[in-house]
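Me: I would like to go through the labels attached to this structure and ask, for each, what value stands behind it and which cut-off it is set against.

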Amino acid sequence: MHLFRFMSVSGPHLGLDTGRGQFDLTAAVPEFADISSWLASPDPVTAVHDAVSAARHHSLIGSSERLLPPIDGQEVWACGVTYLRTKTARMEESSHEGSFYDRVYEAERPEIFFKANPGRVVGHREPIRVPRDSTWN
């Protein structure tokens with residue numbers, strides 16, 4: 001299952017893609033109008049599962065709603081070192097012979113990096129901003 005945000009005629013809504021169809025969760029459970037409200041519930045996973053049966057009456061099949069950025073008010077964070085190639089390069093650069101990156105890969109909890117404020121995130125197929133001096137993206 002995948003949660004997504006889209007613009008309906010009544011404003012931003014949450015949708016659910018079950019793999020067998022897409023459904024309007026906000027139409028089914030209006031108190032959960034955005035991701036923040038879902039995340040603030042005591043048990044977000046159970047809240048989504050509980051809404052699925054009601055949402056089945058609010059199918060989005062054949063609709064043309066515009067997809068919105070996947071977040072509403074949350075910051076964007078990333079975890080860990082993404083590529084083994086990056087780990088190897090950093091180990092070669094490190095004066096501690098890679099011990100820092102070895103710890104990142106073996107840590108109980110991943111290293112976390114702030115990536116962006118919510119206003120910097122764009123929706124599906126929307127244009128992105130790229131720094132003028134960027135050599136690759």
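Me: In this predicted model, which residue is the bridge partner of Phe6 in strand 4?

Reply: The bridge partner of Phe6 is Leu67, which belongs to strand 4.

Me: Why are strand 3 and strand 4 called edge strands?

Reply: The open sheet has four strands in the order 3-2-1-4, with antiparallel pairing. Strand 3 (22-24) and strand 4 each pair on one side only, and the two are the edge strands.

Me: How do you know that Arg66 and Glu126 form a salt bridge?

Reply: The closest N and O atoms of Arg66 and Glu126 are 3.1 Å apart, and the rule asks for a side-chain nitrogen of Lys or Arg within 4 Å of a carboxyl oxygen of Asp or Glu, so the pair qualifies as a salt bridge. By this rule the count comes to one salt bridge.

Me: What makes Trp77, Ile112 and Phe114 a patch on the surface?

Reply: A residue can belong to a patch only with over 30% relative accessible area and no salt bridge, and nonpolar side chains are joined within 5 Å. Ile112, which is placed in strand 6, has 42% relative accessibility and counts as partly exposed, so Ile112 passes the 30% limit. Together, Trp77, Ile112 and Phe114 form a nonpolar patch with about 320 Å² of accessible area.

Me: What makes a set of 14 residues the largest nonpolar core, and which parts supply it?

Reply: Such a core consists of buried nonpolar residues joined through side-chain atoms within 4.5 Å, and the largest one has 14 residues, those with the most contacts inside it being Leu25 and Trp38. At least two residues of this core come from each of strand 2 (11-17), helix 1 (25-28), helix 2 (35-40) and helix 3 (44-55), and helix 3 gives the largest share, five residues. Leaving aside residues up to four places away in sequence, Trp38 touches Leu14, Leu25, Phe32, Pro44, Ala47, Val48 and Ala51.

Me: How many helices and strands does the protein have, and what percentage of its residues is buried?

Reply: The secondary structure comes to five helices and six strands, following the pattern β-β-β-α-α-α-β-β-α-α-β along the sequence. Of the 137 residues, 28% are buried, while the accessible surface comes to about 10,200 Å², with 53% of it belonging to carbon and sulfur atoms.

Technical notes
Residues are numbered from 1 along each chain as its sequence is written. This is a predicted model: local features need pLDDT of at least 70, side-chain atom pairs count only at pLDDT 80 or more; totals for chains, interfaces and linings use all residues. Side-chain values use heavy atoms; hydrogens and water are left out. Patches are made of residues with over 30% relative accessible area and no salt bridge: like charges are joined within 9 Å, nonpolar side chains (Val, Leu, Ile, Met, Phe, Trp, Tyr) within 5 Å. Accessible areas come from the Shrake-Rupley method with a 1.4 Å probe; for residues, only the protein chains shown count as cover. Buried means under 20% relative accessible area, exposed over 50%, partly exposed in between (1.4 Å probe, protein chains only). Contact means heavy atoms within 4.5 Å. Two strands pair if DSSP finds at least two bridges between them.
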